[in-house]
2 protein chains.
Amino acid sequence: MIDIEHAIQDDYGDDFAWCYGCGRLNEKGLQLRTGWEGEKTVTVYMPHEEHMALPGFVYGGLIGSIIDCHGTGSASLALHRKNGHEPGDGVEPPRFVTASLHVDFVKPTPLNGPLKAVGTVEEIHPKKFRVLTELFAGDKVCAKGEVVAAVMPDTFLKK
Amino acid sequence: MIDIEHAIQDDYGDDFAWCYGCGRLNEKGLQLRTGWEGEKTVTVYMPHEEHMALPGFVYGGLIGSIIDCHGTGSASLALHRKNGHEPGDGVEPPRFVTASLHVDFVKPTPLNGPLKAVGTVEEIHPKKFRVLTELFAGDKVCAKGEVVAAVMPDTFLKK
């Protein structure tokens, strides 16, 4: 597995860093981190024992959560790069929300090691991106996902 | 909000009651419960404060988890009823797994009260059901979901 040195979530503004899935400030959450690996985006997560569907297998909701936050993080990485920036360069990236999430559960996902989401990002519109994701356990693709992510509307900020 | 007196998850066999989303034996999990409300299926869940996307709004992964487990529970309710049974009658129901999950996030979901999933179940095949779900916060539909659930294959049991 790879280490993600610079994750996009590290650079989200503090107001946008509370997501249970990927917020670095949410101490009870998963704290997912998403970075570039060449032209692909990657998120790695080690499930906890309680994240089971049945003993030995990961429950679907965690897989959906990883694919969801990996999707918004990947879209943020892509638009940030398009704007000339990389995570770690000190510029706050755009924050996305999920418009839709689709997951095909290809095979039972073993709960005995890290899960790695690998994404391909495609721009649909200047403010909307599609992220196609394969979720690996070891070298096996256990789920495939598609997220459509849109730049977060102002209505999301309670101020 | 309604109380679910007899939930299908109450009757799952002990081996199948460990899911983080809907297993009654998973003490760290959400312990979602799904029952009939006439011809509709319902699941009610009160999100915790940490289940946020941003302060005040529910994160997508929880919504996906609810729709996912509501989907497998609804499919189980439907096949159980087709077989002549109702939750609470002492017969162990069939257990389903998710083949695919789709969620459209219609509007930001407020984190200030219970969420109620309301499902319509349709048989695709004797071992496969489609569950269409609307997720309500109060009287507003905040997300729409579609789950295809299949009777759990034997490969899921590690014995």
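Contact here means that heavy atoms lie within 4.5 Å, and by that criterion 35 residues of chain B are in contact with 35 residues of chain A. The model is a predicted one, in which local features need pLDDT of at least 70 and side-chain atom pairs count only at pLDDT 80 or more, whereas totals for chains, interfaces and linings use all residues. Residues are numbered from 1 along each chain as its sequence is written, chains are lettered from A in the order in which they are written, and side-chain values use heavy atoms, with hydrogens and water left out.

**Relation of the two copies**
- With copies superposed by least squares on the C-alpha atoms of residues with pLDDT of at least 70 in both, chain B can be laid on chain A with an RMSD of 0.0 Å by a turn of 180 degrees and a shift of 0.0 Å along the axis.
- The two copies are thus related as by a two-fold rotation axis.
- Among the residues of chain B, B:His102 comes closest to that axis, its C-alpha being at 2.2 Å.

**The interface**
- The copies meet through the same surface, because 100% of the interface residues of chain B are also interface residues in chain A.
- Chain B and chain A bury about 3,100 Å² between them, 65% of it on carbon and sulfur atoms, where buried area is the accessible area (1.4 Å probe) that two parts lose on being put together, summed over both.
- On the side of chain B, the residues that lose the most area to chain A are B:Tyr20, B:Leu54 and B:Phe156, which together account for 21% of what that side buries.
- Between chain B and chain A there are 11 residue pairs in polar contact, both at pLDDT 80 or more, a polar contact being a pair of N or O atoms within 3.5 Å, of which, within protein, one must be able to donate a hydrogen and the other to accept it, while residues adjacent in sequence count only if both atoms are side-chain atoms.
- The elements of chain B that give two or more residues to the side touching chain A are β3 (52-54), α1 (60-82) and β5 (96-105), helices (H or I, at least four residues) and strands (E, at least two) being DSSP runs numbered from the N terminus.
- β5(B) gives the most to this side, with 8 residues.

**Strand pairing**
- Strand β5 (residues 96-105) of chain A is joined to β5(B) by 5 bridges, and the two run antiparallel; strands pair if DSSP finds at least two bridges between them.
- A:Ser100 stands opposite B:Asp104 in β5(B).
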